[in-house]
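Biologist: I would like to learn how to read pockets and aromatic pairs in a model. Can we take them one at a time?

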Amino acid sequence: MSGFTLPSISLLSQSVLSGIFVGALYGLMGLGLSLSWGLLRLINLAHFAFAFLAAYLCYQMATMGMDPLLTLAVIVPFFFALGAGLHWVMVRFKVTPFNSLLLTFGLTGIAESVIQSIWTADFRKLESSYGEEKFRIGGLFVPVPELITLVLAVGLAFAVWAVLRFTDLGRAMRAAAQDAPVAAAFGVNQKALGLVLAGTCAALASVAGVCLALSFTLAPSQMYAWVGVVFAAVMLGGLGSALGPLVAGTLIGVSEAITMAVTAPSWAPIVSFTLLIVILIFRPGKTG
């Protein structure tokens with residue numbers, strides 16, 4: 001087959017490891033989107049704008065001498081408030097699910113313009129003391145920024161899963177998503193829960209944005225390149241699922257990495273978009 005090469009075991013192993021790392025970022029970026037879509041019934045495209053805006057804010061604060069991970073102490077509360085505020089506006093003006101899609105798409109375009117006006121369209125690369133650090137395990141090289149992303153993705157996914165499964169807050173959120181009138185009859189404050197959940201989703205997007213800044217070169221136009229693969233991870237993992245996007249994102253990331261190892265990098269996007277099309281065809285009932 002033209003363009004097909006059989007990689008060595010070491011190259012294939014390193015590619016799988018790289019796929020796990022990027023897949024963890026797919027899962028982390030899809031976590032908030034999955035919760036918003038599955039529990040709030042809102043397809044929030046501004047989720048990607050939040051992630052990239054957080055990435056640029058992290059970059060800006062890092063250039064001022066702040067450790068990238070310490071920026072989370074500022075960025076996470078800010079985006080929690082921003083996400084809750086956006087949800088309050090949509091509830092206040094009774095924005096329908098379809099109109100929320102249009103509204104958040106418009107906000108994404110505005111965010112791209114704001115980012116471009118402040119930081120220009122030039123590529124930006126965050127520099128940190130551990131940005132280029134890596135260590136070796138056997139024959140594999142493990143970059144520190146990617147390892148940080150993996151740890152955060154796994155930790156947050158399991159934390160959200162535990163909250164949804166074992167706490168009264170999580171049970172109330174799931175009950176409101178499954179049958180809002182019955183949940184309200186049992187005293188569930190849907191408005192307050194909606195604000196908390198929307199804020200949490202935006203905060204998760206901001207964490208993904210910081211991880212994005214740690215590992216990738218930033219450009220405003222790249223925002224849309226993540227939409228297809230993250231949507232595929234969310235729908236493959238299941239709407240409203242905490243662990244599903246992480247597992248699905250890892251599967252997609254590894255599949256893309258192996259594809260790049262045996263063919264060419266240009267073939268990698270075919271993996272995620274093929275999965276997205278297959279899911280839409282064979283699991284239409286799972287997408288809403």
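Biologist: How much space lies in the second largest pocket?

Modeller: Keep in mind that this is a predicted model. Rolling a probe the size of a water molecule over the atoms shows where empty space is left. Here the second largest pocket holds about 490 Å³ of space. It is lined by 19 residues, and Leu40, His87, Val91, Gln190 and Gly194 are the closest to its centre.

Biologist: Which elements give two or more residues to that lining?

Modeller: Helix H3 (72-92), helix H6 (168-178) and H8 do. The largest share, 5 residues, comes from H8. By class, the lining has 13 nonpolar, 4 polar and 2 charged residues.

Biologist: Now the largest pocket. Which residues are the closest to its centre?

Modeller: The space in the largest pocket is about 590 Å³. Of its 27 lining residues, the closest to the centre are Val22, Tyr26, Phe216, Trp226 and Glu256. Tyr26, Phe216 and Trp226 also form one aromatic cluster.

Biologist: Which element supplies the largest share of the lining of the largest pocket?

Modeller: H1 does, with 6 residues. At least two residues each come from helix H1 (9-39), helix H5 (144-166), helix H8 (190-215), H10 and helix H11 (268-282). The class count for this lining is 17 nonpolar, 8 polar and 2 charged.

Biologist: Take Glu256. Is it buried or exposed?

Modeller: The cut-off for buried is under 20% relative accessible area. Glu256 has 8% relative accessibility, so it counts as buried. Glu256 is found in helix H10 (residues 244-262). Leaving aside neighbours within four places in sequence, Glu256 is in contact with Tyr26, Val229, Ala268, Val271 and Ser272.

Biologist: On to rings. How many aromatic pairs are there?

Modeller: The count comes to 9 aromatic pairs. In one of them, the ring centres of Phe48 and Phe231 are 6.1 Å apart and the planes are at 15°, so the pair is stacked. Phe48 lies in helix H2 (residues 46-63) and Phe231 in helix H9 (residues 227-237), so this pair ties together parts that are 183 residues apart in sequence. Phe48 is buried at 1% relative accessibility, and Phe231 is buried at 12%.

Biologist: What kind of pair do Trp161 and Phe166 make?

Modeller: Their ring centres are 5.5 Å apart and their planes are at 90°, so the pair is edge-to-face. Trp161 is partly exposed, at 32% relative accessible area.

Biologist: Where does the charged end of Arg92 sit?

Modeller: Over the ring of Phe93, 5.4 Å from the ring centre.

Methods:
Residues are numbered from 1 along each chain as its sequence is written. This is a predicted model: local features need pLDDT of at least 70, side-chain atom pairs count only at pLDDT 80 or more; totals for chains, interfaces and linings use all residues. Side-chain values use heavy atoms; hydrogens and water are left out. Helices (H or I, at least four residues) and strands (E, at least two) are DSSP runs, numbered from the N terminus. Buried means under 20% relative accessible area, exposed over 50%, partly exposed in between (1.4 Å probe, protein chains only). Contact means heavy atoms within 4.5 Å. On a 1 Å grid over the protein atoms alone, a cavity is a set of points where a 1.4 Å probe fits but cannot get out, and a pocket is an open set with protein on both sides within 12 Å along at least five of seven lines; lining residues have an atom within 4 Å of a point. Grid points are joined across faces, edges and corners, and a volume is the space filled by probe spheres set on the points. Ala, Val, Leu, Ile, Met, Phe, Trp, Tyr, Cys and Pro count as nonpolar, Asp, Glu, Lys and Arg as charged, and the others, Gly among them, as polar. Rings of Phe, Tyr and Trp (its six-membered ring) pair if their centres lie within 6.5 Å; planes under 30 degrees apart count as stacked, over 60 as edge-to-face and the rest as tilted. A charge sits over a ring if NZ of Lys or CZ of Arg is within 6 Å of the ring centre and within 35 degrees of the ring normal.
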